[in-house]
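These are my notes from one sitting with a structure I had not opened before. I went through it place by place and wrote down what I looked up.

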Amino acid sequence: MAAAPALKHWRTTLERVEKFVSPLYFTDCNLRGRLFGDSCPVAALSSFLTPERLPYQEAVQQEFRPAQIGDSFGPTWWTCWFRVELTIPEAWVGQEVHLRWESDGEGLVWRDGEPVQGLTKEGEKTSYVLTDRLEEGDPRSLTLYVEVACNGLLGAGKGTMIAAPDPEKMFQVSRAELAVFCRDVYRLLVDLELLLGIAKGLGEDSQRSFQALYTANQMVNVCDPARPDTFPVAQVLASRFFGQRGGESQHTIHAVGHCHIDTAWLWPFKETVRKCARSWVTAVQLMEQNPEFIFACSQAQQLYWVKSHYPGLYARLQEFACRGQFVPVGGTWVEMDGNLPSGEAMVRQFLQGQNFFLREFGKMCSEFWLPDTFGYSAQLPQIMRGCGIRHFLTQKLSWNLVNSFPHHTFFWEGLDGSRVLAHFPPGDSYGMQGSVEEVLKTVVKNRDKGRTNHSAFLFGFGDGGGGPTQTMVDRLKRLHNTDGLPRVQLSSPGRLFSALESDSGQLCTWVGELFLELHNGTYTTHGQIKKGNRECERILHDVELLSSLAVARSTQFLYPAAQLQDLWRLLLLNQFHDVVTGSCIELVAEEAMCHYEDIRAHGSTLLNVAAAALCAGEPGPEGLLIVNTLPWKRTEVLALPRPGGAHSLGLTPSPGDGAQHGLCSCSCPHLTAAPAAAAACVCSARAPADSASRTPPTKTDGSVTLDNGIIRVRLDPTGCLTSLVLLASGREAIAEGTVGNQFVLFDDVPLYWDAWDVMDYHLETRKPVLGQAGTLAVGTEGGMRGSAWFLLQISPNSRLSQEVVLDIGCPYVRFHTEVHWHEAHKFLKVEFPARVRSPQATYEVQFGHLQRPTHHNTSWDWARFEVWAHRWVDLSEHGFGLALLNDCKYGASVRGSVLSLSLLRAPKAPDATTDMGRHEFTYALMPHKGSFQDAGVIRAAYSLNFPLLALPAPGPAPAAAWSAFSLSSPAVVLETIKQAESSPQGRTLVLRLYEAHGSHVDCWLHTSLPVQEAALCDLLERRDPAGHLPLQDDRLKLTFSPFQVQSLLLVLQPPPN
């Protein structure tokens, strides 16, 4: 007789079911305790420990020694290889057999010489399926190898996740055994956990919630864990519940398998190579077993590594890509930072990435995938569109500290008006696990309800890899179409965006940058990495330019395409969002600095080779080739090398013929003056007409005045700036009663993310660093350069020395700074209070600039207390302004009328040595009349960052100056000259130009190169079918809209035979 219906108490019923599936309580008699049946130890276990990351073939030939469960091995970053010998009991025929393996290190199983599965306790992968059904004829004995890295999924932090790694940490294997896996128990556990999730998620107000709870309760009633013959009855109850369908209006969730792997972070680059193998081989297994499962994978660099180190696995990935299950996404070389890389570097991320995906997988990506980066530049939509990408996915703005971003699906409009369809998964994560709670959150939190009925659900362990599990896939399959829940599809990014696009009529538009209100310390942390980034972007620019001109002028010269690709890939690798930002461990920072050193060394060699080709190897005494790598005329003071290693100052005026992008040379190595023009001019050396500055530095009452006829600078006896006058107008730039060049120190203790965050409350701890009167001294006196220098004791442990330099003809004063920095949780900035009033300041970004408020009216305004910029920040009112330029800094702010440049931080996690030691950097101050555009601030910042090159030339200069390119409009910048990626006979160049003022403009590009044909192309260098450009008198006419980036293909005439 059936039991009479009983009244049920919500909480006790819920807890009853929870205990029935609990891994902690009552496992002697609950269902979870029956997940594995009979077990037996492995037949033999032996190990081999090494500090190296050895390839499999090498590792298995080493001497293995007997090992036992619980043995310690290590330390951190070493590798322990285990040989695991197995004998499966005869009695297990017909059953599913697993190897159960638990370790606190990340493991990879090798079988028959190939990787077959990752094993990570943190990633819920603790068993490897030896056979899903042991047959009579199957071998009973086999040998596996397990490669265990001495680090966890998220590194080896000492005490906390983001603490510096513990170098002495030891690891152990806590389980290694064979066991029978009970698949029926597993299915019941999945169903019961989902029913519990529905009951909790829908709550006591929902009819469907009670149906879920009562179904689960009834399953517990009928299911006896000790009697498998009772399981089918319980399974029927679950299937009846999950078989009740939802309505047609249900929200559709597109569940995409994903595994976010930081290319380096709390572990070194080389460990990432193995993380990729561990994660992706597990994904391959899932794709084999679940034909509907789709795995999205970003970052070409990681695929390139796997291709090099695991060719068998890589071939499988290509095979599943053909089936549509393995889907490359993102289109970039790595998931780079969205703020700090230059515009050109961002283009190269896509150029390298998209070309790799096309070559290796047969097609390019159509979505930009950047889920974990600390903000997104307003120029990204234009760069995406120029690289064949129309869709964008991230979730990082859910981390905003102050304001909730108002959309999950919207159109994002960039600086130039380009638009892309953007989607933020409403579950605010890229590491979902397929729980009902996450599925419901995806619907409830969606801020575009009523405007769209589709959203993404990215599932799989991430950051340190791991990826999806079979349990996650099974949960999502079971929730496919169940009443009371959204519809769940195992889907792809392409299907998601197609669905969003087909119903986009009601979507809103967000204009401008996507600023993350968190992690603003990353604009400053690890100043040496920031400096290396800026320097190497310049070096590669210059090498490409000179090599392109050498191709045009020399029939013998071969463009170093392969070397440049290698160097660019190193730079792009370092622009990963936890490397260039400085939010990585010391090991990664050291590797990044080595990468920059490689770029500097090889770049210098390539520059000299190109210079030699430009001099055409003419005989004669050695001279200097002076190269202007910018597209406008320059007259600058240059330090020229002299015999014995000394330098003398030379003034390098342009030849005065409008030449830009020029070369010139001087035939002796120690002239006091050498002419330079823009990118390729050579002219005989001549002394400047007026080689003395207007007035030498004068020193009175301990203060120093520098004056070059354009600006007058007055420094007080401690080195602070008391006056900065623009002489043409007599206008004072420093606010009355204040001083500029004021160094200030802040306490810098964030809430958690040490290297990442600077909090708003740090501003409450401002302490001016007071100098010692009498430390100011005159440096260079008169002639072409005037300077003064001083010392400043920042604290008992840190000191600073600075040379303040004013050159003849220069519109800005430079501050060459050297700091010996030894602090803990302090932040050093320099401030310039301006005699300027404006509600907004202008900051340079990639290929343009944008305005941000100087006030804190709204929460959106004050959340930007610390922002990023590239080479300059400007504060202007009508008719006058003050610009702050820099050569390697990115953090800045303008509050009221005070311009502030962020110089150094001192976080202690994840790298306890961050920023400790010696730093050198330069910033500059430029007062100007009128707008910053008309006053030449943009050009001045370029000049500060791209000094004239003085290269050893193997022969005398040609008699006449030579310039390769010039532009008729100051609003247009010729940013890049390089050889085209596919260039028959190496005679096709790519030019990249952008409109920098924010204006519509027509511009003539003049060239002296032998151009045969010119056409517009996109950022991937694909020719625009309607983009032919007629050449008239060696000139091309170009039309720009504000902040538009344009690329040209120039086909050079074949060289004469």
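Where is glutamate 1021 found? I located glutamate 1021 in the loop between strand 52 (1011-1017) and strand 53 (1023-1029). I note here that the model is predicted. I looked up the phi of glutamate 1021 and found it near 70°, a positive value in a residue other than glycine.

Next entry: another positive phi. Aspartate 112 is not a glycine, yet its phi is positive, about 55°. I placed aspartate 112 in the loop between strand 7 (106-111) and strand 8 (114-119). Is aspartate 112 buried or exposed? With 74% relative accessibility, aspartate 112 counts as exposed.

Cis peptide bonds. I noted a cis bond from glycine 74 to proline 75, with omega near 5°. Proline 75 sits in the loop between strand 4 (72-73) and strand 5 (79-87). I also noted a cis bond from alanine 909 to proline 910, where omega is near 10°. I found proline 910 in the loop between strand 44 (898-904) and strand 45 (917-929).

Glutamine 172. This residue is in strand 11 (residues 171-181). I read 33% relative accessibility for glutamine 172, so it counts as partly exposed. Setting aside residues up to four places away in sequence, I listed what glutamine 172 touches: Gly70, Asp71, Ser72, Phe73, Glu102, Ser103 and Asp104. I also looked up a distance: 59 Å separates the C-alpha atoms of glutamine 172 and valine 551, which are 379 residues apart along the chain.

I found threonine 332 in the loop between strand 14 (326-329) and helix 9 (343-361). Threonine 332 has 1% relative accessibility and therefore counts as buried. A polar atom of its side chain lies 2.9 Å from the backbone oxygen of valine 334. Beyond its neighbours within four places in sequence, threonine 332 contacts Gln299, Ala300, Gln349, Phe350, Gly353, Phe357 and Phe368.

Alanine 300 is at 0% relative accessibility, so I wrote it down as buried. Not counting residues up to four places away in sequence, alanine 300 touches Thr332, Trp333, Gly353, Phe356 and Phe357. Its C-alpha atom is 33 Å from that of leucine 903, 603 residues apart along the chain.

Helix 4 and helix 5. How do the axes of helix 4 (residues 207-222) and helix 5 (residues 231-242) cross? I read a crossing of roughly 170°, with the axes coming within 8 Å. Because angles over 145 degrees count as roughly antiparallel, helix 4 is roughly antiparallel to helix 5. From helix 4 the contact takes in Arg208, Gln211, Ala212, Thr215, Gln218, Met219 and Val222, and from helix 5 Val233, Ala234, Leu237, Ala238 and Phe241. By class I logged 8 nonpolar, 3 polar and 1 charged residues in this contact.

Helix 19 (residues 937-945). I found 8 of its 9 residues buried, so helix 19 is largely enclosed by the rest of the structure. The buried ones are Val937, Ile938, Ala940, Ala941, Tyr942, Ser943, Leu944 and Asn945.

Last entry: a record. An unreviewed UniProt entry carries the annotation "domain: Glycoside hydrolase family 38 central" for residues 517-596. I looked up that stretch and found 65% helix and 0% strand, with the end C-alpha atoms 30 Å apart.

Terms used. Residues are numbered from 1 along each chain as its sequence is written. This is a predicted model: local features need pLDDT of at least 70, side-chain atom pairs count only at pLDDT 80 or more; totals for chains, interfaces and linings use all residues. Side-chain values use heavy atoms; hydrogens and water are left out. Axes are lines fitted to C-alpha atoms, for helices over the stretch in contact, and angles run from 0 to 180 degrees between N-to-C directions. Helices (H or I, at least four residues) and strands (E, at least two) are DSSP runs, numbered from the N terminus. Angles under 35 degrees count as roughly parallel, over 145 as roughly antiparallel, 65 to 115 as roughly perpendicular and the rest as oblique. Contact means heavy atoms within 4.5 Å. Ala, Val, Leu, Ile, Met, Phe, Trp, Tyr, Cys and Pro count as nonpolar, Asp, Glu, Lys and Arg as charged, and the others, Gly among them, as polar. Buried means under 20% relative accessible area, exposed over 50%, partly exposed in between (1.4 Å probe, protein chains only). A polar contact is a pair of N or O atoms within 3.5 Å; within protein, one must be able to donate a hydrogen and the other to accept it, and residues adjacent in sequence count only if both atoms are side-chain atoms. UniProt positions are given in the numbering used here, feature names are shortened, and annotations may be inferred rather than shown by experiment.
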